[in-house]
Each structure stands twice: as C-alpha cells, then as structure tokens.
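Me: I would like to learn how to read a ligand site and a salt bridge. Could you take me through a case?

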Amino acid sequence: MTLHQDLLDEAAEALKSAYAPYSQLYVGAALRSVSGRIYSGCNVENGSFSIGNCAERNAIAAAVRAEGAAFALTAIAICATDRASQALPIPPCGACRQMIREFGANAEVLFMGAEGQLVQTQIDELLPHGFSLPV
Ligand code: THU
C-alpha cells in the first residue's frame, strides 16, 4: 500500500478552512481521483445543526463538480484538530463511508485511529455489506 503523504498533507491544509463554531472539531479531507487529480474539502456547520456537512462529502462534491458524474476515487485521507490545533482521531462517519463507497468501491481510506496511530484501510473494511441500489 502506498503511503499517501500528499493526501494527508492536503487534508491537514483543508481543515484550516473548516467552519466549525459549534463542535470546534476542524476536519479536512483530501482524495485522489482515478484521473490523478486531488480534491479537498472541510466541514461546514450551520446553526440549524442537522444541515451541516462533513469534510469527506464536501471533497467528493468538489470532485464531482470538476470531473462530472464519471468521477471515481482511489484514496481519501481525513485529518482533524481541535481549536488548539491538537490532532484528533477521526474515523469517517457512517454517512461518509457510504458516500466514499459509491465513488470508490476499492478506495483506500487513511485517518488517525483512537491511539493516535495512522490507520490505512479499505472502504469495504469500514463498511461491509454497504448499500447500493439494486439494478
Ligand atoms: N465530521 C466530518 O467532517 N467528518 C466525519 O467523518 C465525522 C464528523 C464533522 C461534522 C461536524 O462538523 C463535526 O465533525 C462534528 O461532528
């Protein structure tokens, strides 16, 4: 497995743009498209809490906007800090796992685990038996 240091760096850069006044959890995600291009996103919260969005899904939205419906991803890295810029563990939430899987059935996923270690795994490890529409 490749260590996607460029994605980890870009995710760390993206979290600096996060709008997270409510949780004060600043999240960045960066993904590599099959095209080789990198797209990133940050979390964007809202006073109407449920309409906020995660960094991973915002990165995917940016990629779809740039590359269109044929976009697919090979890897995604996620980073988070608190407001003191202390790195925090951030496994992707369930909704983001579902969204990652739809655009990258074999995607590698990198994030900080509960003990502060780098976790590098596959989306089907994180989301076994994931949903897709029956054809
Ligand atoms: N968040 C993400 O950006 N990605 C995840 O996978 C989990 C949670 C954000 C959403 C919200 O702005 C903050 O973290 C606290 O839940």
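Reply: What follows goes through the ligand site and then a salt bridge. Keep in mind that this is a predicted model.

Me: Which side-chain atom lies 2.6 Å from an oxygen atom of the ligand?

Reply: Look for pairs of N or O atoms within 3.5 Å. In this model, a polar side-chain atom of Glu56 is 2.6 Å from a ligand oxygen atom. The backbone takes part too: an N or O backbone atom of Ala55 lies 2.9 Å from an oxygen atom of the ligand, and for a backbone N or O atom of Cys93 the distance to a ligand oxygen is 2.9 Å.

Me: How much of the ligand's accessible area does the protein cover?

Reply: On its own the ligand has 370 Å² of accessible area, and the protein covers 78% of that.

Me: Where does the ligand sit?

Reply: The ligand is in the largest pocket.

Me: How many salt bridges does the structure hold?

Reply: To find one, look for a side-chain nitrogen of Lys or Arg within 4 Å of a carboxyl oxygen of Asp or Glu. There are three salt bridges in this structure. One of them joins Arg32 and Asp6, with the closest N and O atoms 2.8 Å apart.

Me: Which parts of the chain does the pair link?

Reply: Arg32 belongs to strand E1 (residues 26-33) and Asp6 to helix H1 (residues 5-14). The two residues are 26 residues apart, so the pair links distant parts of the chain.

How values were computed: Residues are numbered from 1 along each chain as its sequence is written. This is a predicted model: local features need pLDDT of at least 70, side-chain atom pairs count only at pLDDT 80 or more; totals for chains, interfaces and linings use all residues. Side-chain values use heavy atoms; hydrogens and water are left out. A polar contact is a pair of N or O atoms within 3.5 Å; within protein, one must be able to donate a hydrogen and the other to accept it, and residues adjacent in sequence count only if both atoms are side-chain atoms. Accessible areas come from the Shrake-Rupley method with a 1.4 Å probe; for residues, only the protein chains shown count as cover. On a 1 Å grid over the protein atoms alone, a cavity is a set of points where a 1.4 Å probe fits but cannot get out, and a pocket is an open set with protein on both sides within 12 Å along at least five of seven lines; lining residues have an atom within 4 Å of a point. A molecule sits in a cavity or pocket if more than half of its atoms lie within 2 Å of its grid points. Helices (H or I, at least four residues) and strands (E, at least two) are DSSP runs, numbered from the N terminus.
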